[in-house]
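Please view the sequence and the model together with the notes.

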Amino acid sequence: MKNPVSFLRSVALLEAISYLILLFIAMPLKYALGMPMAVKIAGSVHGGLFVVFGFALLRVLMTTNWPFSRAALVFIASLLPFVPFFIDRRMRAWAAESHQTPA
């Protein structure tokens with residue numbers, strides 16, 4: 001994946017899915033059924049994906065002409081459930097506009 005925005009978009013979607021799994025599957029398993037291992041596993045996966053997302057966002061800031069406000073919007077969207085799915089259409093357009101070959 002040569003385009004850093006396309007990579008960011010992919011990671012953002014995976015991170016959003018892992019967040020929903022953590023919130024709506026693992027946490028109910030922990031608190032309703034007494035299965036704390038579900039949160040440990042889902043939380044670890046989500047945490048790892050969030051770190052990758054952070055590095056991917058930093059890479060986009062360093063290699064494209066994105067304004068800081070756009071990166072802030074993407075970061076804030078990643079903190080809220082379901083919002084990354086709504087911002088994905090914009091990110092697809094941003095990926096197309098910033099399609100560049102690495103220097």
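The notes below cover helix packing, a surface patch and salt bridges.

The model is predicted, so local features need pLDDT of at least 70 and side-chain atom pairs count only at pLDDT 80 or more, while totals for chains, interfaces and linings use all residues. Residues are numbered from 1 along each chain as its sequence is written, and side-chain values use heavy atoms, with hydrogens and water left out.

**Helix packing**
- Helix 1 (residues 4-33) packs with helix 2 (residues 36-63) at an angle of about 160°, their axes being 8 Å apart.
- Helix 1 is therefore roughly antiparallel to helix 2, a term for angles over 145 degrees.
- Helices here are DSSP runs (H or I, at least four residues), numbered from the N terminus.
- In the contact of helix 1 with helix 2, the residues comprise 24 nonpolar, four polar and three charged.

**Nonpolar surface patch**
- Ile-17, Ile-21, Phe-24, Ile-25, Phe-82, Phe-85 and Phe-86 make a nonpolar surface patch of about 710 Å².
- Patch residues have over 30% relative accessible area and no salt bridge, and nonpolar side chains are joined within 5 Å.
- Helix 1 gives the most to the nonpolar patch, with four residues; Ile-17 is located in helix 1.
- Helix 4 (83-97), like helix 1, supplies at least two residues of the nonpolar patch.

**Salt bridges**
- The whole structure holds three salt bridges, each a side-chain nitrogen of Lys or Arg within 4 Å of a carboxyl oxygen of Asp or Glu.
- Asp-88 forms a salt bridge with Arg-9, and their closest N and O atoms are 2.6 Å apart.
- Asp-88 lies in helix 4 and Arg-9 in helix 1, so this pair ties together parts 79 residues apart in sequence.

Notes
Axes are lines fitted to C-alpha atoms, for helices over the stretch in contact, and angles run from 0 to 180 degrees between N-to-C directions. Angles under 35 degrees count as roughly parallel, over 145 as roughly antiparallel, 65 to 115 as roughly perpendicular and the rest as oblique. Ala, Val, Leu, Ile, Met, Phe, Trp, Tyr, Cys and Pro count as nonpolar, Asp, Glu, Lys and Arg as charged, and the others, Gly among them, as polar. Patches are made of residues with over 30% relative accessible area and no salt bridge: like charges are joined within 9 Å, nonpolar side chains (Val, Leu, Ile, Met, Phe, Trp, Tyr) within 5 Å. Accessible areas come from the Shrake-Rupley method with a 1.4 Å probe; for residues, only the protein chains shown count as cover.
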